[in-house]
Amino acid sequence: MRILGIDPGLRITGYGVIEQTGSRLVYLASGIVRTETGDLPPRLAILFKGVCEMVTQFQPEAAAVEKVFVNVNPQSTLLLGQARGAIIAALTHMGLPVFEYTALQVKQAVVGNGHADKIQVQHMVKRLLSLPAEPTADAADALACAICHAHGGQGLGAIMTAGRRRKAGRIL
């Protein structure tokens with residue numbers, strides 16, 4: 001299965017493509033889609049077109065997208081939500097099933113710790129995909145989303161959740 005992982009952002013959106021064969025994960029590509037500052041609609045169009053081009057180029061079978069967390073700044077959260085909307089619209093427009101994971105789920109699946117920092121995520125992505133160097137932070141987050149999906153949303157950080165409830169992305 002080929003999986004496209006996306007770390008949404010209005011200014012920089014990271015993407016990563018992996019292929020899963022059994023339990024083996026193979027790196028195919030990663031990078032970013034960058035938008036310039038300016039009016040919102042043209043920036044959202046760049047994200048939409050960029051994602052459509054990724055799907056056309058890499059032909060993934062599924063997409064894994066990181067969910068928005070609430071920032072201290074409501075305006076930033078709103079803008080990020082609009083960027084995610086353009087990305088998800090592009091993915092569904094291209095016929096892909098979209099799976100969403102919180103940052104906590106992604107970090108648990110890749111690092112084994114839901115509160116890992118970006119450097120730890122970059123390091124584990126490099127190791128899990130046998131990369132020659134650590135990917136950029138945005139590409140690593142996107143690859144981590146894809147790895148999380150490949151691991152069934154749990155992976156290395158699988159924790160027992162039966163009979164527990166969730167609150168604000170945490171398992172109680």
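The following dialogue discusses how to read several features of a predicted protein model.

Student: What should be kept in mind about the model and its numbering?

Tutor: The model is predicted, so local features need pLDDT of at least 70 and side-chain atom pairs count only at pLDDT 80 or more, while totals for chains, interfaces and linings use all residues. Residues are numbered from 1 along each chain as its sequence is written, and side-chain values use heavy atoms, with hydrogens and water left out.

Student: How many helices and strands does the protein chain have?

Tutor: Helices (H or I, at least four residues) and strands (E, at least two) are DSSP runs, numbered from the N terminus. The protein chain has five helices and seven strands, and along the sequence they follow the pattern β-β-β-α-β-α-β-α-α-α-β-β.

Student: What percentage of the residues in the protein chain is buried?

Tutor: Buried means under 20% relative accessible area, exposed over 50%, and partly exposed in between (1.4 Å probe, protein chains only). Of the 172 residues in the protein chain, 43% are buried. A contact, in turn, means heavy atoms within 4.5 Å. Among contacts between residues at least 6 apart in sequence, 59% join residues at least 24 apart.

Student: Which residues of helix α4 are buried, and why do they line one face?

Tutor: An α-helix has 3.6 residues a turn, so residues three or four places apart point the same way. In α4, residues 118–128, the buried residues are Val121, Gln122 and Val125. Seen down the helix axis, these buried residues fall within an arc of 100° (taken from the directions from the axis to the C-beta atoms), so they line one face of α4. They pack against α3 (103–110) and α5 (137–150), whereas Ile119 and Arg127, on the other side of α4, are exposed.

Student: Which residue caps the N-terminal end of α4, and what follows the helix?

Tutor: A polar contact is a pair of N or O atoms within 3.5 Å; within protein, one must be able to donate a hydrogen and the other to accept it, and residues adjacent in sequence count only if both atoms are side-chain atoms. Aspartate 117 caps the N-terminal end of α4, with a side-chain oxygen 3.2 Å from the backbone nitrogen of isoleucine 119. After α4 comes serine 130, whose phi is positive, near 50°.

Student: Where else is a positive phi found, and is that residue buried or exposed?

Tutor: Most residues other than glycine have a negative phi. Glutamine 59, although not a glycine, has a positive phi of about 50°. Glutamine 59 is placed in the loop between α1 (40–58) and β4 (62–66), and at 53% relative accessibility it counts as exposed. Serine 130 lies in the loop between α4 and α5 and counts as exposed at 65% relative accessibility.

Student: Which residues have the most contacts inside the largest nonpolar core?

Tutor: A nonpolar core is a set of buried Ala, Val, Leu, Ile, Met, Phe, Trp, Tyr and Cys residues joined through side-chain atoms within 4.5 Å. The largest has 22 residues, and those with the most contacts inside it are Leu4, Ile6, Leu47, Val51, Met54 and Leu91. Elements giving two or more residues to this core are β1 (2–7), β2, β3 (24–34), α1, β4 and α2 (74–93). The largest share, seven residues, comes from α1. A second, separate core of 19 residues includes Val125, Leu129, Ala144 and Ala150.

Student: How many aromatic pairs are there, and how is one described?

Tutor: A pair of aromatic rings is described by the distance of the centres and the angle of the planes. Rings of Phe, Tyr and Trp (its six-membered ring) pair if their centres lie within 6.5 Å; planes under 30 degrees apart count as stacked, over 60 as edge-to-face and the rest as tilted. A search of the whole structure finds one aromatic pair. The rings of tyrosine 15 and phenylalanine 58 have centres 6.4 Å apart and planes at 40°, so this pair is tilted. Because tyrosine 15 lies in strand β2 (residues 12–21) and phenylalanine 58 in helix α1, the pair ties together parts 43 residues apart in sequence. Both tyrosine 15 and phenylalanine 58 are buried.

Student: How many disulfides does the structure contain?

Tutor: A disulfide is a covalent bond between the sulfur atoms of two cysteines. Here it is identified as a pair of cysteine sulfur atoms within 2.5 Å. A search of the whole structure finds zero disulfides. For cysteine 148, the nearest cysteine sulfur, that of cysteine 145, is 6.9 Å away. Cysteine 148 is buried, with a relative accessible area of 0%.
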